[in-house]
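Subject: Structure for your files, with notes

Hello,

Here is the structure you were waiting for.

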Amino acid sequence: MCLVCGFSNISKEEEPPVPFDENDANRLINDVWIGIVTVANLPDLMYYKTAGYLMGGVKKGVKESITPKVKNTVAKLINEDSFIFGSKTKEMAVEEVAEKMAQGAIDLSISKEVEIASQIGVLEKTVIEQIIAESGGTKSELLESLLIDVFFDEPDYIMIADLTENIYIFSGAKTYQDVRSLTDLLLDPELKSNFYKFKEKALEIYKDYNEAYLQAEYQTALASSRMAAEWNRIVADADLFPLLEYDTVGDSRVRPTHAALDKICRPVFDKFWTTYYPPNGWRCRCSVRQITAEEGTVTNLQGWLKPDDVPPEFMMNSGIDKYIFKTKGKDKHPYFKIAKGDKAAAKNNFGFPIPK
């Protein structure tokens, strides 16, 4: 697995710390040494910590995709002073808006955020002040929290369910490969007879899997889930905005072949986006811009040189394919290259449960 690309779409200060500490490392290495942990008896704690960490990236990515529209609505409510206080609690406000949407009372044929903005101003001022006082937040933050629920559509829930299953299956395979790499060290007679030499090598493997790799995988979960959620909105708006334009960050850290993708413009449903929809590599920061037919010109790809450094497992569209890490096929993630004798266990996610 290539992890040499040091590109990040989140600053190091904002990247959450990995969930593993020195005690976790020592416990796992000791248990492998004495034979308590094997590929047939994988550690539950490692699986749950890995899955929980990566799911944090998924949830953040989905929220980041929705947040810009929410912020626009909040800005309109506050700047235009159209927030009309009523006598409803926050819970009642959400229920009222949801009911109006179900009844068709909110006209979604016009700007959704503007129409919802006209319906959402139903919190009593004293209730707002109480919530702000208790949470330490602001009126803007309260509105954002309220509107996030409104903008979260059924396709988002379906997409999150698919991505969640993928993350938990990936975490099972990752736990297996981590333990397998550690137990393989015991095939070396010198390491098998000397715990301190074994531990030195084991710590190197442990840090690779549970620090360097895991942080890169978090970034991929974050970027892929954000783009998957964005795809739902791209498809919904395709009639008005039928074109997508590839968009790099545009700084000196952009990979040359990603720069070659920059500003390529193709129709939303063009097969180009089934392969080169971002992210296109570990820690890729690229995105897309949805535009009208008048705003862009479709790029002629005849004679175009395809990027030669996009890892095969990234040549997909997380919004269409409904996964972050490929589990099957010739381009599957390396974690899913399972030893023949362990394939039966892999089919059952190595005995680890998958949330429904």
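Helices (H or I, at least four residues) and strands (E, at least two) are DSSP runs, numbered from the N terminus. This is a predicted model, in which local features need pLDDT of at least 70 and side-chain atom pairs count only at pLDDT 80 or more, while totals for chains, interfaces and linings use all residues. Residues are numbered from 1 along each chain as its sequence is written, and side-chain values use heavy atoms, with hydrogens and water left out.

Ser65 and the helices

Ser65 belongs to helix H2 (residues 44-79). Its relative accessibility is 7%, so Ser65 counts as buried; buried means under 20% relative accessible area, exposed over 50%, and partly exposed in between (1.4 Å probe, protein chains only). Apart from neighbours within four places in sequence, Ser65 has contacts with Arg226, Ala229, Glu230 and Arg233, where contact means heavy atoms within 4.5 Å.

Helix H1 (residues 22-34) packs against helix H9 (residues 195-236) at an angle of about 125 degrees, and their axes are 10 Å apart. Axes here are lines fitted to C-alpha atoms, for helices over the stretch in contact, and angles run from 0 to 180 degrees between N-to-C directions. H1 and H9 are therefore oblique to each other; angles under 35 degrees count as roughly parallel, over 145 as roughly antiparallel, 65 to 115 as roughly perpendicular and the rest as oblique. On the H1 side the contact includes Leu28, Ile29 and Trp33, and on the H9 side it includes Phe195, Phe198 and Tyr206.

The sheet

Three strands make an open sheet in the order S2-S1-S3, with antiparallel pairing. Two strands pair if DSSP finds at least two bridges between them. Strand S2 (265-267) and strand S3 (287-291) are at the edges with a single partner strand each, so one side of each has no neighbour in the sheet. On average, neighbouring strands of this sheet are turned by 30 degrees against each other, direction ignored.

Strand S1 (residues 243-247) is joined to S3 by five bridges. Glu245 has Arg289 as its bridge partner in S3, and H9 packs on the sheet, touching S1 and S3, with its direction at about 10 degrees to that of S3. Asp247 is opposite Ser287 in S3. With S2, S1 pairs over three bridges in the antiparallel sense, and Pro267 in S2 is the bridge partner of Leu243. S1 is largely enclosed by the rest of the structure, because four of its five residues are buried.

Backbone details in the loops

Which two residues does a cis peptide bond join? They are Pro278 and Pro279, and omega is about 0 degrees. Pro279 sits in the loop between helix H11 (272-276) and S3.

Lys322 has a phi near 65 degrees, a positive value in a residue other than glycine. Lys322 is in the loop between H12 and H13 and, at 30% relative accessibility, counts as partly exposed. Asn349, in the segment after H13, has a phi near 50 degrees, which is likewise positive in a residue other than glycine. Asn349 is buried, with a relative accessible area of 5%.

Pro334 lies in the loop between helix H12 (318-321) and helix H13 (343-347). At 25% relative accessibility, Pro334 counts as partly exposed. Pro334 and Lys174 are 160 residues apart in sequence and 9.3 Å apart in space, C-alpha to C-alpha.

Regards
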